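Try each task before reading its solution.

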Amino acid sequence: MRSTLEKVKTSGWKKVRVEFTGGPLVISVPRDCAELTMGKAEVLKNPAKEVQEALDQPCAGPGLEEIIRGKGKEPERLRVAITISDITRPVPYRGKAGILPPLLKKLHGLGIRRENVRIIVGTGTHRASTAQEKTEMLGKEVLSSYEVLDHDCEDESLLVAAGRTPAGTEVYLNRFFHQADVKIATGLTESHFMAGASGGRKAVCPGLVNLRTIQKFHSPEFLESPFATNLVFEGNPCHEEALAVAKSVGVDFTVTVTLDKEMRMTGVFAGDLEKVLEMAVEKIKSYVAIPVQEEFDIVLTHGGYVGRNHYQTAKAAVGALPAVKEKGTVIIAADNRDPEPIGGPEYKTLCHLLKLQGPEGYVGVLKSPSWRFTKDQWEPEVWGRVLRKVGEGGMIYCTSDIPEPGMALLPGTSGYDFLTPAGKKKNRAGKVEEMVQNAVLYFFGTYQEKGLSPRMAFVREGPYAVPMKPWP
């Protein structure tokens, strides 16, 4: 590697800044490196005012006043459940411009008693939130004034039967949400590499359902569909199933926000579940979709805010695929700052299975009649999409939060392979910066050794940007 690095002439190269805690990472790239960046989004000038107006004048469907009047009970007797996202989503819940304080205030103004409101963290199969994370998400005042619970998809005492979808899925739902008279779903709408976009129906499925329902949502039957990808909804089985589940449950009111690359609010939408999603998706499409006219030999991306662990960083890797050539190279700067930097024990084991079997072998195991559905099995399957296109040697995963022995069990090539002895003494950001820089130099050099001039691209916003063919 050192020999290849020394041959690369970087005179005239430019610097790009890669988002990273303790960073940014400053990486030298060729002068003609294409910077794939999201379009400029108009930021809300007065988010607090916009949130209030969205609550007072929903974009579609009945408002909270009409919903509460129609329940057939005195407001002070109504039970309200509000589902929220966990720490992996940067939803602006707290503060003056947050969506939760004005929502709660409006409910109380309509006669809902504070003690009759439950806030449920829709974890899906994610781990429970820590006390610190709940404070970070909600603030001390809300946390001390309301009952805040984490959903657990495997705790049968928390689940009740809630209907059946057209696909035949028997839905079991969080019983506190199911028993509530008024059901409210909140969250963030952003592109999603399986369901098209997050938000709305996903707050319920997979957020609040049982493991078996999530099993259907994340089955190979669904995930291997070419329509199960970013910003695609028609024919997307994941989207259709989540929507069917949410409809069978009955969500009374939805609040979702859209954000720009700086996590500033660009829109807030409230009201009917489907209409809110439709309007929010139209908003994000206008600036997250990046038309790409060509595929590149080398693509640099990063895990962003959501890439707290290896599990979540799959979003960035899959999002970069439309921009990279077959057998090209994807270099990922991963800010895996979660207490579990890889993911849960099941996920670790399944990633190793993917490493051993390869993507086709892994999916074959999942489809076997003797295979027992295992929590988190879909995320390694999604990593398999990356391996299919670029191979083990073409996916370079750069993190200093996962110890080197742990990296050896994960798919792709470890960033430690590009870290010098001197680099091992640097801080966590410094180590990743060196890994990424040396990987860029190495793969650029390998092309040059073959007499080729590689084309490189940098996905500036990582998992939030959606490189894709130009819109018709």
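A residue is called buried when its relative accessible area is under 20%, exposed when over 50%, and partly exposed in between. Keep in mind that this is a predicted model.

**Exercise 1.** Classify both partners of the salt bridge between D260 and R264.

*Solution.* Start with the contact: the two side chains meet at 2.8 Å, N to O. Next, take D260: its relative accessible area is 6%, so D260 is buried. Finally, R264 has 42% relative accessibility and therefore counts as partly exposed.

**Exercise 2.** Work out which strands the salt bridge between K325 and D297 ties together.

*Solution.* First, the side chains of K325 and D297 meet at 3.2 Å, N to O. Then place each partner: K325 belongs to strand β16 (residues 324-333), and D297 to strand β15 (residues 296-302). The pair therefore ties together parts 28 residues apart in sequence. As for accessibility, D297 is buried at 8%, whereas K325 is partly exposed at 33%.

**Exercise 3.** Describe how helices α10 and α11 pack.

*Solution.* Begin with the geometry: α10 (residues 237-249) and α11 (residues 273-288) pack at an angle of about 145°, with axes 11 Å apart. Now list the contacts: from α10 come H239, L243, A246 and K247, which meet L273, E274 and L277 of α11. Sorted by class, this contact has four nonpolar, one polar and two charged residues.

**Exercise 4.** Find the residues with the most contacts inside the largest nonpolar core.

*Solution.* This core has 153 residues, and the two to pick out are I82 and W383. Helix α16 (residues 428-449) gives the most to the core, with ten residues.

Conventions: Residues are numbered from 1 along each chain as its sequence is written. This is a predicted model: local features need pLDDT of at least 70, side-chain atom pairs count only at pLDDT 80 or more; totals for chains, interfaces and linings use all residues. Side-chain values use heavy atoms; hydrogens and water are left out. Axes are lines fitted to C-alpha atoms, for helices over the stretch in contact, and angles run from 0 to 180 degrees between N-to-C directions. Helices (H or I, at least four residues) and strands (E, at least two) are DSSP runs, numbered from the N terminus. Contact means heavy atoms within 4.5 Å. Ala, Val, Leu, Ile, Met, Phe, Trp, Tyr, Cys and Pro count as nonpolar, Asp, Glu, Lys and Arg as charged, and the others, Gly among them, as polar. A nonpolar core is a set of buried Ala, Val, Leu, Ile, Met, Phe, Trp, Tyr and Cys residues joined through side-chain atoms within 4.5 Å. Buried means under 20% relative accessible area, exposed over 50%, partly exposed in between (1.4 Å probe, protein chains only). A salt bridge is a side-chain nitrogen of Lys or Arg within 4 Å of a carboxyl oxygen of Asp or Glu.
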